[in-house]
Amino acid sequence: MKAKTPLWMGSAVSALAVLPAAAADHDVSVTIYANDTALIQDHRSINVTGGRQRLEFQNVSAQIRPETVALAAEGISILEQNFDFDLLTPAKMMEKAVGQEVTLVRTTPGTGAETREKALVLATNEGVVLKIGERIEILRDDGLPVRVIFDKVPDNLRAKPTLSVMINSPKGGTRPATLSYLTPGLGWKADYVALYNEADSKLDVQGWVTLTNSSGTTYDDAKTMLVAASPGTPVETNTWTPRPPRPRMAEVQPGTETGSRERVGDFYLYPIAERTTIANLQTKQVSFLDVHGVPAEHAYEYRNPWLGTAEKPQSAQSVYRFTTSAKAGLGDQLPAGTLRFYMHDKRGEPQFIGESQIDHTPMGSLLSLSTGDAFDVKVHATVVKRTALGDFSWRTEMRYNLTNALPKPVTVSLLQDGLWGDSSITAESQKSKRRSADVAEWTVQIPANGKAEVTATFTTRF
Amino acid sequence: MLGSLPLAAAAMDVTVPREGDLSVTVYRAPDRQEGQLSLDDLGGFALVTETRTVNVPQGDNRIRFEGVADGIEAESALITGLPGAVIEKNRDQAVLTPEALIKATFGKSVMIARTNPKTGKVKRIPAKIRTDTRGRVLVETSEGIEAVHCSGLPESISFITHPDLSSTPTLSARVRSPAATTAKVTLSYLTRGFDWTASYTATLAADQKTMNLGAWVTLGNSNGTGFSSARTQIVAGRVNHETDEVEPFYIPAVLAQCWPTGTTTSDLRRIEEIVVTGQRRDAMQFSVVAPAAEAPAAPAELVKLEQLGDLKLYRVPERTTLNSRQIKQVRLLDRQNIPVELYYAADLVGNTTIASTAARKTIRTRNDTAHHLGLPLPSGQVSSFITGNGATLLLDEVPLRDTAVDEEIELTVGSSPDVQIESVKEKTNVYTRPPFLEGVVRFKSALIDEINRIEIQNATPAEIKLELRLQLPDGTHVIAADAATSTSGGRTLFKLPVPANRTATVRYQTEHISMRPEVRK
């Protein structure tokens, strides 16, 4: 292609030379919060003429929140700030040309010959009405091709959303300035890869911070900092909608250890070591954690809702437990994100076995994460009998049948939910403990390819 | 074509095409109901693992992996085997589209090509793109400012510079290598747009005492990317996985909007919209059709099962090609002469009069070796057939849940108009008991018992086994019945035989305490 069209390439180079060179002293730092908010600090040097002057900033985020814009430079005072969305389009061009002259180029269909004439644009309502000499015409009323050539782009039409600041400065000269603003469209979360080794019950965990940019703008060579926090953003109250509660996949006992990472206030910071270009529509990942051989425990858990009775046996959850403690654990606090578990198959290839969401988790916490259903370990819970003993007093007899189709014995944490208030267990086939105020837990051993049964009688208000 | 052009951006880009070993593991949609699979809405996902050979130059480079699935969940991507330090990995969704091309060429030179309608000669005029607002293209030429696609002349834009856009979504890694080297890199990622289901055919013998069970694994790939000669695995069991955080892969069409184009004869259309080009995925409906009843004439090679943690992994015996937008089937199992128990079943709401309804014909067997099974049965759809008199009839299509070894299997194989069940509530007795509480509010309690009759008509020429399940309100239980009772799934169950061409009757009595608060005057 290059060889065929040397002329094109030549003209391209000459045209490019006309463009102003990109500002070399442009320095962007981006601080991204975990809730789709970012603080952009754009350091550049500005050329101040002295007196009143209009400064224009292109390449700011297309989703900029104009009310958060602050421009700081020495010896200037800001008169007003504008964020212009009056964008350059063919329709706007024609609208702004009302009362002005444009050039029409007509092409005769039969001969292909071009004729030119000047026309005055009278109106652009529904159709374009032109005055050519003494005639009034409607543009392309006959459907024939007519090119319209405009002399110039009006000053107030912008090719891109542009931030402009009107300043007043007593004295001129080039000086450094910082433009800062908040923008949505930039966010980050953590992604963890946990490889579980079945033979020795150890986890290898890699952590990546994942940064996404859908703000419509590319941030070149930016100094990037990630903050494990979700500061409150001003949201109009009527747009608030309650989010449905997510199924609880992760259970965490919060820890009390302090990590060694950089902190500001109560927040942990994850600076990205090198300057990076955050392109629009890009997902970027940078490693922040790599720990090998963390002891982990594989367990099964089944949580029966109050009066839960199932037609067919239901799968227990496959659960992995480990700590984020410095001793025998991950030894780090974990920013919120997704933990994906992998396991080697018989050929030694890692296969995905499920994932769990975690919240910002302090160091020293005990995590109990579910990856999905266990195919072979099932629980069949049945309400055997319900008897009303009197006013607000019920006796409920429950039976739980547990089965294990695996060729090895397993231990299941059987949980009965919903024991609110002054409920009690009056009889049970094995001793339970209260996992939390309203949850009873039985630790049930099931032999290889075997069964187990737990029965319990509850006295409750409902 | 693009590869031959000089690269505009980072000169140290290394593009790695797809080659080498490929492995695809397909997972089913975590929350899909058993059964349905539609190519337009595949809610499952896959783990793609591939190896590529990369020539890594010395220093700071960007390695671009082209041809990854378009449904890639970039945050799950893992790249191992790169030399030196991986500084970051990126996934650029900005692919080469007409609009992206215009956006990327903003302020740069292009050529406007106009074709003379008479001579057909093309005239090229250098121009500069002056706007990158979505699809509304204004260019500057030596004559002035013009809008493209508004004059009615055949016009097109030729782009000269090569924008930093790739033809397919691309995963890249920034790598700092101490020396130039050739590395074997393993790339793995999760991708949307896959799903699978098991499609069973249960063929009941004429005597209804045994059945043959066969199954296909039906898997689909709705990605724009195909995977040729891949080692293919399927994972059974429900795994937690959320894909809703991935933004839909959206390629907007370019709309050229001109000035108002109303004329004296037009309908006063305000805006003429010219679709320059666009990509639309045609809605294609693929539903999985029940496979033929007979076992395949030539026995198909079965997938190989292995345990993966708490899941089941099936390997497709040979490398296979998963084309873009394709549904494919591989054989899961074939079992013959499985002993089954045939019975008729009905679910009844207790203490209610219900008109005659047909019973469900059901077969029961156990997933163990004694019943010629004893293998995990992944969830899917079961199409049941009956053979006899040289004909094969479709009986029913029902879902099957994930069934472990040694679990009971019950399959509904249609309803039987020859077995009708009717319930009649005969009598209600109310015994008032003294109030429990004295005070402002007291409770009036009553012991209520109800007597019901169930009538079963058997018009079949054989004795049948019948199982009736009773749904009773909370706190109500059966205190007497003239048939054997047990419980199933927390409900009272009556099991009885009904002789050929006869009527059978079951009477049962229930009891519960009713309490109503009553305000004392």
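What follows is a short chat about confidence, domains and the chain contact.

Modeller: Ground rules: this is a predicted model, where local features need pLDDT of at least 70 and side-chain atom pairs count only at pLDDT 80 or more, while totals for chains, interfaces and linings use all residues. Residues are numbered from 1 along each chain as its sequence is written, and chains are lettered from A and ligands numbered from 1 in the order in which they are written.

Colleague: What pLDDT does chain A average?

Modeller: pLDDT is the predictor's confidence in each residue, from 0 to 100. It stays under 50 over residues 1-24 of chain A and over residues 233-247 of chain A. Where pLDDT is low, the predicted coordinates should not be read in detail. Still, 90% of the residues in chain A score at least 70, and the average is 83.

Colleague: What distance separates the centres of domain 1 and domain 3 of chain A?

Modeller: Bounds come from an automatic or database domain assignment. Domain 1 of chain A covers 90-149, and domain 3 covers 297-324 + 365-460. Taken over C-alpha atoms, their centres lie apart by 80 Å.

Colleague: Which residue of E6(B) stands opposite Lys284(A)?

Modeller: Strand E20 (residues 282-295) of chain A runs antiparallel to E6(B), joined by 4 bridges; pairing needs at least two bridges found by DSSP. Opposite Lys284(A) stands Asn90(B).

Note on methods
Two residues are in contact if their C-beta atoms, placed from the backbone, lie within 7 Å. Helices (H or I, at least four residues) and strands (E, at least two) are DSSP runs, numbered from the N terminus.
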